[in-house]
Amino acid sequence: MSRQAKQAGVFAPVSSAAYGGLGLPLRDWSPVLQEAGYSPIGPAVLNCMAPDEGNMHMLSLIATEEQKETFLAPLVRGGSAPASR
């Protein structure tokens with residue numbers, strides 16, 4: 001189902017477009033996350049489920065560029081970040 005969300009352009013709605021997300025501005029987060037929450041699988045399918053969404057948000061704010069490429073980009077694409085070094 002995440003594949004369909006990616007094809008529809010709604011995958012990772014709150015994550016930066018530079019790393020593969022939709023890049024919605026903060027003012028648009030609430031309705032999208034609320035709609036995703038109506039379904040038990042919505043947040044997982046859209047890649048905005050805890051704890052990954054919070055981790056992605058925090059990494060986007062405070063990580064170095066190297067950390068963003070290593071840890072943030074894989075999470076935004078729907079994969080797993082590598083184990084810490």
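Is the crossing of α4 and α5 left-handed or right-handed? In this predicted model, the crossing is left-handed, a term that applies if the near helix is turned anticlockwise from the far one by less than a right angle, with right-handed used if clockwise. Residues are numbered from 1 along each chain as its sequence is written, and side-chain values use heavy atoms, with hydrogens and water left out. Because the model is predicted, local features need pLDDT of at least 70 and side-chain atom pairs count only at pLDDT 80 or more, while totals for chains, interfaces and linings use all residues.

Two packed helices are described by the angle between their axes and the distance between the axes. Helix α4 covers residues 52-62 and helix α5 covers residues 65-76; helices (H or I, at least four residues) and strands (E, at least two) are DSSP runs, numbered from the N terminus. The axes of α4 and α5 come within 10 Å and cross at roughly 145°, where axes are lines fitted to C-alpha atoms, for helices over the stretch in contact, and angles run from 0 to 180 degrees between N-to-C directions. On the α4 side, the residues that meet α5 are Asp 52, Asn 55, Met 56, Leu 59 and Ser 60; their partners in α5 are Lys 68, Phe 71, Leu 72, Leu 75 and Val 76, with contact meaning heavy atoms within 4.5 Å. The residues of this contact divide into six nonpolar, two polar and two charged (Ala, Val, Leu, Ile, Met, Phe, Trp, Tyr, Cys and Pro count as nonpolar, Asp, Glu, Lys and Arg as charged, and the others, Gly among them, as polar).

Helix α5 has the buried residues Lys 68, Thr 70, Phe 71, Leu 72, Ala 73, Pro 74, Leu 75 and Val 76, and these pack against α4. Buried means under 20% relative accessible area, exposed over 50%, and partly exposed in between (1.4 Å probe, protein chains only). Pro 74 counts as buried because its relative accessible area is 13%. Leaving aside neighbours within four places in sequence, Pro 74 is in contact with Glu 69, Gly 79, Ser 80, Ala 81 and Pro 82. The C-alpha atoms of Pro 74 and Pro 25, 49 residues apart along the chain, are separated by 21 Å. Just after α5, Gly 78 has a positive phi of about 95°.

Attention now turns to helix α1 (residues 2-7), where Lys 6 is found. With a relative accessibility of 43%, Lys 6 is partly exposed. Beyond residues up to four places away in sequence, Lys 6 touches Phe 11 and Arg 77. The charged end of Lys 6 sits over the ring of Phe 11, 4.8 Å from its centre; a charge sits over a ring if NZ of Lys or CZ of Arg is within 6 Å of the ring centre and within 35 degrees of the ring normal.

In the loop between α1 and α2 (29-37), Ala 12 has a positive phi near 50° and is buried, at 0% relative accessibility. Leu 26 lies in that loop too, but is exposed, at 64%. The loop between α3 (42-46) and α4 contains Pro 51, which is joined to Ala 50 by a cis peptide bond with omega of about 0°. Asn 47 lies in the loop between α3 and α4, with a positive phi near 60° and a relative accessibility of 10%, which counts as buried.
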